[in-house]
Amino acid sequence: MSEGLRVGVLGATGAVGTTILSVLAERDFPAAEVVPLASERSAGKRVPYGDAELEVRALSDEAIAGLDLVLSSAGGAVSAEWAPRIVAAGAVVVDNTSYWRMHDDVPLVVAEVNPDAIESHRGIVANPNCTTMVMMVALAPIHRAVGIERIVVSTYQAVSGTGQKAIEELLAQTRAILEGRAPEANVYPHQIAFNIMPQVESFKDGDDYTTEERKVMAETRKILGESEESLRISATCTRVPVIAGHSESINIQTREPLSPEECREILADAPGVVVMDSPGEGIYPLAADVAGRDEVVVGRVRHDPSHERCLNLWVVGDNLRKGAATNAVQLAELLLERDLVRVPSPALGA
């Protein structure tokens with residue numbers, strides 16, 4: 001089937017969409033045709049795909065006809081409307097928005113963590129939040145080995161997680177400040193250049209936690225198959241003036257004792273993880289070092305002196321690649337390997 005596979009990339013002009021196109025080409029995904037899709041205003045633009053360029057098509061019923069697989073990153077509202085229409089047209093959707101992740105009948109999959117969950121798809125497979133993704137690649141091997149009963153995570157998230165306009169705002173504000181001008185904030189509620197903002201996404205209905213923090217907590221439990229009672233989680237998500245690379249300070253309480261040395265051994269053998277941990281020599285993960293990489297990098301593994309079964313870890317990953325685009329392509333590869341690039345009957349919403 002792969003010889004004739006037609007693959008759509010929805011949201012092809014955005015930060016994640018362009019990265020998906022790049023990763024598809026890098027990994028030599030076996031597609032007969034790759035079709036970039038975006039809004040009407042982006043139609044006709046040309047986007048890079050390997051050594052070539054592809055012309056963007058406006059999202060429409062005509063444009064999705066005949067596609068077999070669509071990697072979607074066009075925002076929750078677009079996905080809510082169009083993912084079912086794409087499935088009805090005969091394509092499987094790997095969706096990178098938050099809309100479908102917590103639906104009971106949609107698998108939420110990290111390729112290295114719970115690949116078998118993809119078997120249950122009914123037309124849509126959800127890609128986790130980039131922050132959750134980075135954390136899961138590092139913590140799932142530990143959870144499998146000794147169990148984790150509590151997670152406290154503080155994140156330091158790059159502006160590319162918001163999109164291209166946020167990158168441009170950070171650069172514009174940085175230039176303004178260095179030139180002695182007042183920075184303008186439009187994408188974020190406050191200045192992000194030379195600053196840290198303890199808000200990622202929004203506060204809703206009087207909740208003290210942001211929607212991003214709620215995503216991290218709920219998605220982690222779904223991926224690991226745990227309940228609120230069996231896995232307690234607290235998250236604080238912040239935005240920092242970094243273009244690419246989410247960093248996370250994670251404290252875990254394990255069910256069975258685990259030394260830092262044993263933890264490093266587990267992580268060193270885990271797929272998609274690189275251990276970089278010699279802090280006395282200045283060797284530990286940096287956001288600047290992981291930009292452009294697909295691995296999640298872990299360092300500063302150390303015992304928490306306040307609890308005998310707690311460890312601290314510093315975890316860093318490229319939010320655009322493993323945090324979004326690379327995992328989406330890995331899920332497409334899984335679908336292909338397992339002969340699941342087909343809409344089951346009944347499909348989602350049928």
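The side chains of Glu33 and Arg57 form a salt bridge, with an N to O distance of 3.0 Å. Glu33 belongs to strand 2 (residues 33-38) and Arg57 to strand 5 (residues 57-58), so this pair ties together parts that are 24 residues apart in sequence. The model is predicted, and the structure holds 21 salt bridges.

Asp61 and Arg85 meet through their side chains in a salt bridge of 3.0 Å, N to O. Asp61 lies in helix 2 (residues 61-64) and Arg85 in helix 3 (residues 76-88), so the parts tied together by the pair are 24 residues apart in sequence. Asp61 has a relative accessible area of 47% and is partly exposed; Arg85, at 30% relative accessibility, also counts as partly exposed.

A further salt bridge connects two loops. In the pair formed by Glu226 and Arg255, the closest N and O atoms are 3.5 Å apart. Glu226 is in the loop between helix 6 and strand 10 (232-239), and Arg255 is in the loop between strand 11 (246-254) and helix 7 (260-268), so the pair ties together parts that are 29 residues apart in sequence. Arg255 counts as partly exposed, its relative accessibility being 34%.

Apart from residues up to four places away in sequence, Ile142 touches Gly147, Ile148, Ile252, Thr254, Leu258, Cys263, Ile266, Leu267 and Leu313.

Two packed helices are described by the angle between their axes and the distance between the axes. For helix 4 and helix 6 (residues 211-224), the axes come within 10 Å and cross at roughly 35 degrees. The crossing of the two helices is right-handed. On the helix 4 side, the contact is made by Thr131, Thr132, Met135, Met136, Ala140 and His143; these meet Glu212, Lys215, Val216, Glu219, Thr220, Ile223 and Leu224 of helix 6. By class, this contact between helix 4 and helix 6 contains six nonpolar, four polar and three charged residues.

A loop residue, Asn96, was also considered. Asn96 is located in the loop between strand 7 (92-95) and strand 8 (124-126). Its relative accessibility is 12%, and because the limit for burial is under 20%, Asn96 counts as buried. When neighbours within four places in sequence are left aside, Asn96 is in contact with Val16, Ser72, Ser73, Arg101, Asn127, Pro128 and Ala324. For one of these, Pro128, the C-alpha atom is separated from that of Asn96 by 7.0 Å, with the two residues 32 residues apart along the chain.

Notes: Residues are numbered from 1 along each chain as its sequence is written. This is a predicted model: local features need pLDDT of at least 70, side-chain atom pairs count only at pLDDT 80 or more; totals for chains, interfaces and linings use all residues. Side-chain values use heavy atoms; hydrogens and water are left out. Contact means heavy atoms within 4.5 Å. Axes are lines fitted to C-alpha atoms, for helices over the stretch in contact, and angles run from 0 to 180 degrees between N-to-C directions. Helices (H or I, at least four residues) and strands (E, at least two) are DSSP runs, numbered from the N terminus. A crossing is left-handed if the near helix is turned anticlockwise from the far one by less than a right angle, and right-handed if clockwise. Ala, Val, Leu, Ile, Met, Phe, Trp, Tyr, Cys and Pro count as nonpolar, Asp, Glu, Lys and Arg as charged, and the others, Gly among them, as polar. A salt bridge is a side-chain nitrogen of Lys or Arg within 4 Å of a carboxyl oxygen of Asp or Glu. Buried means under 20% relative accessible area, exposed over 50%, partly exposed in between (1.4 Å probe, protein chains only).
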